[in-house]
Amino acid sequence: MEPLTWTGAVGTWLDPVLWLVAGSLAVGVVAMIVMSFFAAPVTLQANADGTVMARGGAFGFVERAVQALVLALCVVVLLYILAGIVTPYGGAGIVGAMAKRLLPTWIALALTFAVSIAFKRRLGLYGKLFDNVIGMIGFALVMFWVFSAIFAGVFDMIVTHDPLSQVSGMKNEVPGTPVPGVDAMTMGAHYLLGGDALARDVFSRMIAGGWVVIQIAPLATLFAFMVGIVLGLPAGYYGGKLDIVLSFLANLILAFPVILLFYLLVTPEIVATGIPSIMAAVLFVFPVVFFAVLLNARFHTRPGVRGPVLIVVLGIMGLIYLSLISQPGTIFTFMPRWLDLFDISGGILVVFVSVVFVNAPTVFRIVRGITFDIKTRDYVAAAQTRGEGPWYIMLWEILPNARGPLIVDFCLRIGYTTILLGTLGFFGLGLSTESPDWGSTINQGRGLLSVFPHPAVVPALALLTLVLGLNLLADGLREESLRD
Amino acid sequence: MLRFLAGRIFTMLVTALCLTFIVFFLTNLPPNLEKVAKSELGARISDADVESWLGRNGYADPMIIRYGQWLGVVPGWTRTDAEDGRRFGRCLPDNGLAAVPPGASEMPPPTFCGVLQGDWGFSTVFRRDVGEVVLRGLALTGKLMFWVTVVMIPGALIIGVLAGMREGSRLDRSLSTVSIVSTATPEYVSGVVFIALLTPTVFGYRLFNGSATTAMEDATFYNFTLPVVTIALYGMGYIARMTRASMTEVMTAQYIRTARLKGVTFGNIVMKHALRNALIAPFTVIMLQFPWLLNGVVIVETLFNYKGFGWTLVEAAGNNDIELLLGVSVVSVLVVLVTQLISDIGYVFLNPRIRIS
Amino acid sequence: MTNHHTFENRTHHAARMYAREHAAGDIDRREFLTRATALGVTTAGAYALIGLPTPAAAAAHAQEGGTIRMNLETKSLKDPRLWDWSEHGCFGHGWLERMVEYQIDGTLRPMLLESWEANDDATQFTLNVRPGVTWNNGDPFTAEDVARNMTGWCDGTMEGNSMASRMASLIDENTNQVRDGAIEVVDDTTVRLNLNAPDITIIVGMTDYPAVLVHSSYDGGDPAENPIGTGAFLPTQNEVGIKQVLSRNTDHTWWGTEVYGGPYLDTVEYIDYGTDPAAYVAAAQSGEIDATYQTSGDFVDIFDGIGWQKSEAVTANTICIRFNQQQAPYDNVEVRNAIQMAVSNEVILELGYNNLGTLAENHHVAPLHPEYAELPAPVVDPEAALAALEAAGHADTEFELISIDDAYQAASCDAVAAQMRDAGMNITRTVLPGSTFWNDWLNYPFSCTEWNQRPLGVQVLALAYKSGVPWNETAMANPEFDALLAEAMSINDIDARREVMAEIETLMQNEGVMIQPFWRSTFRHQNGEFVGIEMHPSFEHHHYKWARAA
């Protein structure tokens, strides 16, 4: 079986085009940078024939050429992907095989973008995102990973090999090496991005690692937000003693060196004492409280609706909450098996709890700051005059008006959480060593970095693109919400 | 002002107390104490022996009493061996890990030996006084952070100002993208990539060293650049973006427009009018970044084998060295809170509108 | 009056027997040299018995002076009897010496002893203390020092004292201290040992790294604080976790300069780079170290790639992925055998240690031990393994394999877990950091421990698998095994010994004691500027031999 090259047969004619375009682009960018030091600022220039030009001359030409080349580069990349999807396996090399594998993701992305752009005027802030190039790029990067993770984790598509299985003979092999014992030229015949030190497929582990990260990071950030909002709103609204106490607690946690906190919390000894379970019980009650207060405040004047809604919603959430904290092998084991919906292993739970615990104070501070600002507005005064209860005002008047900065911070914070998870993996805390999450794989791969870079560089790039996408998305959202 | 300062210092002390008590509580849980006993005696002692060793060495007292001993408000535990009269005690050499033979010294040991008396305890990992270990770590990390600051702050400010002075320009877009990429690259990613790219020997020449251990004694360009740049790069992005935001806000102010209408050149506008106002916010941001840089220091020191404060923290935490961990926690808390205080005071001083009002 | 026979006239009869066995090809050179010199034959005499010239020492190429920097996990020292890491010995042997030293070629070199003799059935040993040796504070070194130290070794009541199990034949079972009359000081230079049972391992037991002799003023604690010893170096820097430095003691006339030559170096610097081999590579490339303590598995190729010289020691160092037979479900021998059947040692060697070793057969007796009896290779059949597990009623049981975070151990255990998973068994992997792992290593139900080699094959069996010994992590208590082991510990001829060992090996395989996948070769790399620093199979550092190349 032949090893795969990076671009295969398609590459023989597409690669030169790529080099040409990329090379010209590089030359153009350098020229632009150099010339920008000598160029005049943009002014309107009237030409002899009555037209008006914004930028003329050599610099203007170079600018337009660079724009065109960027577009050409995008087209070439798109061609690679299309070629990979269309040609049979191996025709377009490693890049083509990966593109083919990721077909569900491409379709999902295309559909999402098409639908969103078609209805963008009716979709509020999310729709406005699609007016902003930076935001769209960020959104595309993030949803690429989200879709890949969901398709891989839930539907078992995309990955070519089991992330945990070790195949003798593939230890540290370079990308494109054929798997011994497979003769047909189908998916699974090669390790697309090579093998790691334990002969596992790097590509499959990268996608599976994405599933682990996508499961933990957004959810942990959401919980942190719940805690931060439930505590930050009253602190900002009431002020006074409540504010002093809560701010002191928040500062206390923020003053903790994060890594020290992880070492203290995320060890097998601590899990045995049951402290993470207690912390989980406390922290995970906040979403339940949030929804309880939210719905109660909303339907306070309509008891007929309030009763059933509360019972249903709180019933479901309560069940989920109890299943979450009831864990055989820990101090909470009160749920009978038939009622216990799911079990999370102790290691993941303690990672979750630590990440939520570390992020909550910052969210608290942000929410508190925003609340201080918004509670002076007129509509809040109007609501107070109307006689609305304080929680109604906090949750249904103040919070919706704070959603802009909060959404932006949410996106950024998912990025920080992803980085934090990687830090945990770097120190060997938390998730099991077999877990394909990106922090652990980077840590395991860095030993042999000088000879076999691919096991560490691939998850590093994955982490980089996801966090970059989140940052760009947050930037785009911020720009659009400020344009309101 | 003085009342403000006094209030903040009081809060700082209370925070430090609470934090160290939490650390004390977590490190003195029974499973962790068992770890301490076994690392002193050897791995194969029985549980009964663990209990008796802990009892004999002052670990059986209630948690709050032991915390008081560490603080220095409660007398340290003592014990005299019935058989040979040797004395053990917290206030004796090496925290009681080394016995004092009977009659060895005529001076009675001090009754109180805690933080208030200046005795920070004895490190079981490094076999030295905690004060010595922490100071050594701080000195080394101080050297690292000094160079990080020298590289990071001017770089970030320059990037931020250049990006912010013409919002939306090509320069702004490209510099912003660079800053965003650098905030998306945590130290363990950038450090790993740098080591992979820049340390191998190519054609007999090597650009940089991948190990900073000799930098502890003699920091040169070759062994110190990579650690400094790895930390600086991560911090630079965020500070640059904050500077850019502040700069764009200032550049759209009315007085800048007036200056342009007056005919002041662009360079003079930036240097003489915009900069002073734009740099107020980044100053506070820089101060508030220090706690996050401490995180990065831990990772980088582990990656490059530089045995500073961050590495000491990891060693202490990994081996449950209680006294050293408490000392390290106190120092970390103080660093965080002092930088916050400087940031708040600085903000007041730098902004004439607030200072004068 | 005792007759003092000189060595030329009196060579132990067993040594001649071993020489005949070697000539017949029944034992290899290493084991012959070890056994012969253990009975008192000099190195030259031993080589002569098998018709070989004594190998020339490297002293001819050595240069005086210089410094060597090596990476080492610098640990804090404690009472030598409690030493449990080779690193303690690496630093401590600079000024504290042993009576006998195990060489790379398998011979025993007399250090603080000049020679020793054994009686016919190895129940009485006469130790001749080297005359003219002084402690570095000026006190003379006499037989009294030897007796005092050996009495201390026999203290079975001291927790963590591993010397006691090596000196078992000198210990009174009732008091758990040295037996009356077991250690006799005959005169200033002679000590006689009277054993209660034949034991050929006692001299070899004195070569292990904790077996150093301390001065009478030593009272426990860190010996580096008041370094009185007989050795040629002194500890001049002792920063645990950072750096430990040995400097040549110019105020002390070392006895060995006349006898063996050396020491050549001025200082030996040990710098701590942690446990991550990537840091050693970085240090080597940066020129911060001259040689590695040990290069493991995947990194051998990297060091070769940067142009460093390699020294390989083929050893009986190994890992035991063992079951604790007192904890369910591993108390069921069918479960243990089923798990063994699902796993191929070849795959573990490839993925865990990069094929840098030889295959093993799950019974902890190495091919380089001469009494090794070859058994058919273990059967690997994942389907039959799952069927056997189902028959035992444990098809759905979740197993947990615990290991330390050391690279090759974790990798080997991951390979075991992957193969068990492929066979259809439920297994989770747990990796613990060092400090947590060693807390409880004896009690884990299914875990992996590293075992270093001992000069004689029977030593490890006695240390690890005999009923009730302190390091018995498998909780194996098999009277048949104990009886066979006692037989193997006394002197027999090679065929009888091999029969006994075949029975021991088969018993261990049938009992499913553990998965012991490979014997690993250990490597050291150096930048080419030094001689005499070859890799020792037991990780010992003989500082007086190290020198800069001329």
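Thr213(B) counts as buried because its relative accessibility is 6%. Buried means under 20% relative accessible area, exposed over 50%, and partly exposed in between, with a 1.4 Å probe and protein chains only. This is a predicted model, where local features need pLDDT of at least 70, side-chain atom pairs count only at pLDDT 80 or more, and totals for chains, interfaces and linings use all residues. Residues are numbered from 1 along each chain as its sequence is written, chains are lettered from A in the order in which they are written, and side-chain values use heavy atoms, without hydrogens and water.

Where does Thr213(B) lie? Its place is the loop between helix H7 (187-198) and helix H8 (221-251) of chain B. Helices are DSSP runs (H or I, at least four residues), numbered from the N terminus. A polar atom of the Thr213(B) side chain lies 3.1 Å from the backbone oxygen of Asn305(B). Contact means heavy atoms within 4.5 Å. Beyond its neighbours within four places in sequence, Thr213(B) is in contact with Phe304(B) and Asn305(B), and also with Ile271(C), Tyr273(C) and Glu288(C).

Now turn to chains A and B. Their contact takes 42 residues from chain A and 46 residues from chain B. The area buried between them is about 3,900 Å², and carbon and sulfur atoms give 77% of it. Buried area is the accessible area (1.4 Å probe) that two parts lose on being put together, summed over both.

The rule finds two salt bridges across this interface. A salt bridge is a side-chain nitrogen of Lys or Arg within 4 Å of a carboxyl oxygen of Asp or Glu. One joins the side chains of Arg173(B) and Glu479(A), at 3.9 Å from N to O. On the side of chain A that touches chain B, H19(A) gives the most, with eleven residues.

Next comes the nonpolar core. Such a core is a set of buried Ala, Val, Leu, Ile, Met, Phe, Trp, Tyr and Cys residues joined through side-chain atoms within 4.5 Å. The largest has 203 residues, and Phe284(A) and Phe427(A) have the most contacts inside it. Helix H7 (residues 202-238) of chain A gives the largest share of this core, 19 residues. Leaving aside neighbours within four places in sequence, Phe427(A) is in contact with Ile259(A) and Tyr263(A), and with Val298(B), Ile299(B), Thr302(B) and Val314(B). Apart from this core lies another, of 117 residues, including Tyr209(C) and Met476(C).

Methods: Helix = DSSP H or I, 4+ residues; strand = E, 2+ residues; numbered from the N terminus. Polar contact = N/O pair within 3.5 Å; in protein donor to acceptor, adjacent residues only side chain to side chain.
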